[in-house]
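Reader: I am new to this structure and would like to go through it piece by piece. Please start wherever you like once it is on the screen.

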Number of protein chains: 2
Amino acid sequence: MRKLLHEKVFSMLDNSSLREEDDAAVLSASGKGELVFTTDSFVVQPLFFPGGDIGHLAVCGTVNDIAMMGGVPEALSLAFIIESGLPLEIFEKIIESIKQTAEKAGAKIVTGDTKVVEKGQADKIYINTSGIGWKSGQAPTGWRDVRPGDAVIISGTIGHHGVAVLAARNELPFVTELKSDAAPVNKTVEKLLEKVPKIRWLRDPTRGGVAAALNELAEQTNLEIELDEAAIPVAEDVRGAAEILGLDPLYLANEGRFIVVCPPEKAGEVIQLIKEENPEIKPAKIGTVKPADSRGRVALSTNYGSSRIIDMPSGEQLPRIC
Amino acid sequence: MRKLLHEKVFSMLDNSSLREEDDAAVLSASGKGELVFTTDSFVVQPLFFPGGDIGHLAVCGTVNDIAMMGGVPEALSLAFIIESGLPLEIFEKIIESIKQTAEKAGAKIVTGDTKVVEKGQADKIYINTSGIGWKSGQAPTGWRDVRPGDAVIISGTIGHHGVAVLAARNELPFVTELKSDAAPVNKTVEKLLEKVPKIRWLRDPTRGGVAAALNELAEQTNLEIELDEAAIPVAEDVRGAAEILGLDPLYLANEGRFIVVCPPEKAGEVIQLIKEENPEIKPAKIGTVKPADSRGRVALSTNYGSSRIIDMPSGEQLPRIC
């Protein structure tokens, strides 16, 4: 439904500058540089989960979308839709979390809005954060520059956010230690773009996970992306939980990871830099861009020597994950 | 509750650039001019009402907030929270309306987001629109420049939006012809700022109406604002409906009107220009800024020769009006 609606919006608005493929728009302000502008609503359920909450997530999501376009997050807006009767202490906890995460990301919250709806007309609280940032000179060159041979790198272990939210919904009573990876990645990305030239493409693999993000890239470029299962970093507890639930970690949402596509000779530098910035998250080269016939797709070389296609997730695997 | 929460947000975030008094933030981008940035969520109920719908309103509200700060609306974001099961034709009607209003306002929709929540977790659809615009050289000088003697002008008859939405809720079965005033006012405001220098202050009197907007100004400036009841333009059908419901038109929401405060000698020009741009809406000088003692307030000289205080509305008079 989300996909259908999204396509509907784009096709009806018939706006060439509204590109479905990106999570943020880049606006050329003549003589003023390029401005990155993005929006996201957050409806995660439950509001609090191991490693984060809806407020933390709302800041991370928007800051990361700006960073993926090579923008330096400058200002955020904050709009609440609150169900009447939400306890004030819950609201305060969320605001406190927003404040801390925005500080960490170096983004200022500059404008806001609050709407209250009757009981039963929202699920406690929904948050929209929009954000703007200036594109730096070192932005990724974009999917049009992705070439066969390019390296595909993930900035760390995948699937934590998806599993942590499911655990908080009590769907995984056996998961106790696992935390969401939700974090602002903009500082690391800024350093990466500054120190390593020729980054082609960046994307935060949120809803739909790594599978959705790479399928979009494959579709745009008409190239094949070959992943190496053995190289994909998955924490043991995430792998265990995913297996029990029959979920593939490649499809699980991440909120503090990003994918880098870069020329093969840059892969080592990229991984090294991410490791220095975040010693704990285990970045890895997980695949390679390959030439393809007419339609782009994502293929996985499995641990058993076989190969299988990683399709675009159809519909929403896990509702209200962000 | 809204006011309480809003204050909470502002005080907890402790951000000097997040000013409660304005509906939009102005960001100085060094060497790049000043950027206006605003956000609003729309939860109006019902979705369609005479003279507009939630989509039309979402564009008007955000475009008008930018215009009030002297900004020229450039780009809008569009984020939907949709209740599962919303009929597609309703969504299409809303998108079509957004498209038309954005075109009329000259603002491009450049980025978007869609979240779907389960039945019973939203009331059909909520929309957030954020927007950015560049501040022109002719922006209002701001409330700090408001002086005793300044004229207070309203751009047209008041209260249409509030009454139209109530009528659509079937609370006013006798109201049949009345339409919301919702409209983008940015083109008129741009012309006004260009042609008439020294505009002090602009505000769109939405939630809480003219009463709330002017109370905020009186509070900021510590000046008194004296309104002349006989001069306030109220359409006959709005007056009739308000009387029956015991509502004061000064407190009713408007979505296509704006208040101008300017030096007294400029009042004639301002009214003339608004009339030329919008021959049908009846702009009028409705009051004067007066010196005051320590606390600013809004006073109304009534048609009966008496004077009464127009207080800040306490809480939300009419929920979900926008």
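Author: Let us begin with two strands of chain A: strand E10 (residues 224–228) and strand E12 (residues 284–290) run antiparallel and are joined by four bridges. Strands (E, at least two residues) and helices (H or I, at least four) are DSSP runs, numbered from the N terminus, and two strands pair if DSSP finds at least two bridges between them. Please keep in mind that this is a predicted model, in which local features need pLDDT of at least 70 and side-chain atom pairs count only at pLDDT 80 or more, while totals for chains, interfaces and linings use all residues. Residues are numbered from 1 along each chain as its sequence is written, and chains are lettered from A and ligands numbered from 1 in the order in which they are written.

Reader: ok, and which residue of E12(A) is the bridge partner of Glu226(A)?

Author: The bridge partner of Glu226(A) in E12(A) is Thr288(A).

Reader: what sheet has E10 and E12 of chain A in its order?

Author: An open sheet of seven strands in chain A, ordered E9-E11-E8-E12-E10-E13-E14, with mixed pairing. Strand E9 (201–203) and strand E14 (307–310) of chain A are the edge strands, each pairing on one side only. Direction ignored, neighbouring strands of this sheet are turned by 25 degrees against each other on average; angles run from 0 to 180 degrees between N-to-C directions, and axes are lines fitted to C-alpha atoms, for helices over the stretch in contact.

Reader: helices next. at what angle do H5 and H8 of chain A cross?

Author: The axes of helix H5 (residues 186–195) and helix H8 (residues 267–277) of chain A cross at roughly 145 degrees and come within 10 Å. The crossing of H5(A) and H8(A) is right-handed, a term used if the near helix is turned clockwise from the far one by less than a right angle, with anticlockwise counting as left-handed.

Reader: which residues make that contact?

Author: On H5(A) they are Thr188(A), Lys191(A), Leu192(A) and Lys195(A), and on H8(A) they are Val270(A), Leu273(A), Ile274(A) and Glu277(A); two residues are in contact if their C-beta atoms, placed from the backbone, lie within 7 Å. Sorted by class, the contact of H5(A) with H8(A) has four nonpolar, one polar and three charged residues. Here Ala, Val, Leu, Ile, Met, Phe, Trp, Tyr, Cys and Pro count as nonpolar, Asp, Glu, Lys and Arg as charged, and the others, Gly among them, as polar.

Reader: zooming out, into which domains is chain A divided?

Author: Chain A is divided into domain 1 (2–135) and domain 2 (143–310), with bounds that come from an automatic or database domain assignment. Their C-alpha centres lie 22 Å apart, and 24 residues of domain 1 of chain A are in contact with 25 residues of domain 2 of chain A. On the domain 1 side of that contact in chain A, helix H2 (54–68), strand E5 (71–83) and helix H3 (88–105) each supply at least two residues, and H2(A) gives the most, with 11 residues.

Reader: what about chain B, how many of its residues are in contact with chain A?

Author: 52 residues of chain B are in contact with 51 residues of chain A. Among the elements that give two or more residues to the chain B side are helix H1 (2–13), strand E1 (25–29) and strand E6 (108–117) of chain B; the largest share, 10 residues, comes from E6(B). By class, that side of chain B has 24 nonpolar, 16 polar and 12 charged residues.

Reader: and what rotation superposes chain B on chain A?

Author: A rotation of 180 degrees with 0.0 Å of shift along its axis does so, with an RMSD of 0.0 Å, which is the relation of a two-fold axis. The superposition is by least squares on the C-alpha atoms of residues with pLDDT of at least 70 in both copies. Since 98% of the interface residues of chain B are also interface residues in chain A, the copies meet through the same surface.
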